Amino acid sequence: MTASPFDHPFLSGLVGDDEIAPYFSAEADLRGMLSFEAALAKAEADHAVIPAEAARQIAAACTGFSPDLASLRAATARDGVVVPDFIKQLRAAVGEEAAKNLHLGATSQDVLDTSLMIRLKAVVFLFAGRLSAVIAGLDGLDGRFGGNRLMGHTRMQAAIPITVADRLAAWRAPLTTYRDRLTEQNFPVQFGGAAGTLDKLGPQATAIRASLAQELGLTDMSQWQSTRLVIADISGLFASISGSLGKIGQDIALLAQVGREIEISGGGTSSAMAHKQNPVAAEVLVSLARFNATALSGIHQSLVHEQERSGAAWTLEWLLLPQMAMATAASLRLAKELVGNIRRLGIA
């Protein structure tokens, strides 16, 4: 039993996503954190800030490091963040001499925000592919049924006849925009040190940050630890995607209510009425759209990020952003299934 429907033993069958969930696991986060530390050591060695041998030892230790999770849990309860104990354990694994060069100039937020960007970059790549699949499914429906007639509705009332192609165009247009935005999305490294000034690295700070970003495959950008527009933009895109997919779900549910203009396979059964095929996927698309719209307001609250770092606003992001990503993943999965289950649309 869990508190989240996204990894619940049976609710996850409805709103979970086995492909995306691993990117928000503790294991994936730790891999991102280790990638940050290894890449930082290499960047600092490349600029002669630390010895090359120390960087090699740090990279080797990061490759095989497996932390004590119970210790991390207890320390996070005390420190409010996992990184201090993580670095303490990693220093012990690196060895006394190289340990002095580990995490040099960095702070906890650098590690965690950069780990998040590494993982979100992979997730967004998968989302772009899923959007392409949904768009292809809509194109297929257009080819099969585009000339069929539908009754157009305005303000929930019958208006004038339209074609299936007209309705599909309205469904498809925002999805192509989101796909383009996903492929253009920047995922910047976060590297600011104690208060965002990289004070310990002196005049080489910006060059080291650029090398760190390149090593991790991220965008080089000045610190954003207290200006959370990066998070707000990505979250807003997630909410927009699920919102437009929710519009498709709402339209299909309304079509199914009458039934003459649509035929869908794979509907859900009823425990009381054996004859029913409920439009479950369409309904859940609406729910997920509303969930993300609600969660986005919380992400916008985290823009109120006091002074040089906020513990409260940062923690709020941890509560909300993974859930929004999972809701978006489920929306894309369900939309593809739903579009593929449409057997007839419109009246010939």
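Visitor: How many residues of the lining of the largest pocket are nonpolar, how many polar and how many charged?

Guide: In this predicted model, the lining of the largest pocket divides into 18 nonpolar, five polar and seven charged residues.

Visitor: How much space lies in the largest pocket, and which residues are the closest to its centre?

Guide: The general idea comes first. Rolling a probe the size of a water molecule over the atoms shows where empty space is left. In the present case, the largest pocket holds about 860 Å³ of space. Its lining comprises 30 residues, of which Phe 24, Ser 25, Asp 29, Trp 318 and Pro 322 are the closest to the centre. Two or more lining residues come from each of helix H2 (26-46), helix H4 (69-79), helix H7 (108-145) and helix H12 (311-340).

Visitor: Which element gives the most to the lining of the largest pocket?

Guide: That element is H12, with eight residues.

Visitor: How may the second largest pocket be read: what space lies in it, and which residues are the closest to its centre?

Guide: About 460 Å³ of space lies in the second largest pocket. It is lined by 19 residues, and those closest to its centre are Met 151, His 153, Arg 167, Leu 254 and Leu 255. Strand S1 (149-154), helix H8 (164-184) and helix H10 (229-258) each give two or more residues to this lining. H10 gives the most, with seven residues. By residue class, the lining of the second largest pocket divides into seven nonpolar, five polar and seven charged.

Visitor: Which residues does Phe 86 touch, not counting residues up to four places away in sequence?

Guide: With those sequence neighbours left out, Phe 86 touches Leu 30, Met 33, Leu 34, Glu 37, Phe 65 and Leu 72.

Visitor: Is Ala 61 buried or exposed?

Guide: A residue counts as buried under 20% relative accessible area. Ala 61 has a relative accessible area of 14%, and is therefore buried. Its place is in helix H3 (residues 52-64). Not counting residues up to four places away in sequence, Ala 61 touches Ala 93 and Val 94.

Visitor: How far apart are Ala 61 and Lys 336, in sequence and in space?

Guide: Ala 61 and Lys 336 are separated by 275 residues in sequence and, C-alpha to C-alpha, by 42 Å in space.

Technical notes
Residues numbered from 1 in each chain as written. Predicted model: local features only at pLDDT ≥ 70, side-chain atom pairs only at ≥ 80, totals over all residues. Heavy atoms only, no water. Helix = DSSP H or I, 4+ residues; strand = E, 2+ residues; numbered from the N terminus. Buried < 20%, exposed > 50% of the residue type's maximum accessible area, 1.4 Å probe, protein only. Contact = heavy atoms within 4.5 Å. 1 Å grid on protein atoms, 1.4 Å probe; cavity = no way out; pocket = protein on both sides within 12 Å on 5 of 7 lines; lining within 4 Å. Points joined across faces, edges and corners; volume = space filled by probe spheres on them. Nonpolar A, V, L, I, M, F, W, Y, C, P; charged D, E, K, R; others polar.
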